[in-house]
Amino acid sequence: MFRLPAVAASVRAARLHVRERMTEWNLAPEVGDDAVLLVSELVTNAIAHAFGDHVVCRLCVTGQRLRIEVEDQARGDTVPAQRPPDLDRESGRGLALVDALARDWGVTPTGGGSGQIVWAELAPVAPDFGGADA
């Protein structure tokens, strides 16, 4: 778990944190690459749309899945939703990317209505031992 201020520079910091953790956990490189991309999109969305002062990121491996959570301080009833891309806009494709990469993803409200957790799961998370199958 790590907490970052809700500023644009935190997206890069989140990617670095995730890359370090994927290396420490010896996860397959393609899983690490996907995790970095997912956290980048989720943190970007939280900063751009939640209008809070920080985001909290959590990573955990449960069974054969890597779960990525980004908690924000969103206020109101709006939840992230995938929408058709607008070819005239530079943004708006993040959740389509999350949907394409993740095994599953969703939004869970935090207790007390103080925000939401947008989560995504990747699978399989088998470690990469650098050798051929045994």
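Student: Which residue in strand 5 is the bridge partner of Pro 109?

Tutor: The bridge partner of Pro 109 in strand 5 is Gln 116. The model is a predicted one, in which local features need pLDDT of at least 70, side-chain atom pairs count only at pLDDT 80 or more, and totals for chains, interfaces and linings use all residues. Residues are numbered from 1 along each chain as its sequence is written, and side-chain values use heavy atoms, with hydrogens and water left out.

Student: Why are helix 1 and helix 2 called roughly antiparallel?

Tutor: Two packed helices are described by the angle between their axes and the distance between the axes. Axes are lines fitted to C-alpha atoms, for helices over the stretch in contact, and angles run from 0 to 180 degrees between N-to-C directions. The axes of helix 1 (residues 9-24) and helix 2 cross at roughly 150° and come within 9 Å. Angles under 35 degrees count as roughly parallel, over 145 as roughly antiparallel, 65 to 115 as roughly perpendicular and the rest as oblique. Helix 1 and helix 2 are therefore roughly antiparallel to each other.

Student: Which classes of residue make up that contact?

Tutor: The residues of the contact of helix 1 with helix 2 divide into nine nonpolar, four polar and three charged. Ala, Val, Leu, Ile, Met, Phe, Trp, Tyr, Cys and Pro count as nonpolar, Asp, Glu, Lys and Arg as charged, and the others, Gly among them, as polar.

Student: Why is Ser 40 called buried?

Tutor: Buried means under 20% relative accessible area, exposed over 50%, and partly exposed in between (1.4 Å probe, protein chains only). Ser 40 has a relative accessible area of 10% and is therefore buried. This residue is found in helix 2 (residues 29-50). Ser 40 touches Val 11 and Arg 15, residues up to four places away in sequence not being counted; contact means heavy atoms within 4.5 Å. Of the 134 residues of the protein chain, 39% count as buried.

Student: How is helix 2 oriented to helix 3, and why?

Tutor: Helix 2 and helix 3 (residues 94-101) pack at an angle of about 150°, with their axes 10 Å apart. That angle makes helix 2 roughly antiparallel to helix 3. Residues in this contact include Leu 38 of helix 2 and Val 98 of helix 3. By class, the contact of helix 2 with helix 3 has seven nonpolar, two polar and two charged residues.

How values were computed. Two strands pair if DSSP finds at least two bridges between them. Helices (H or I, at least four residues) and strands (E, at least two) are DSSP runs, numbered from the N terminus.
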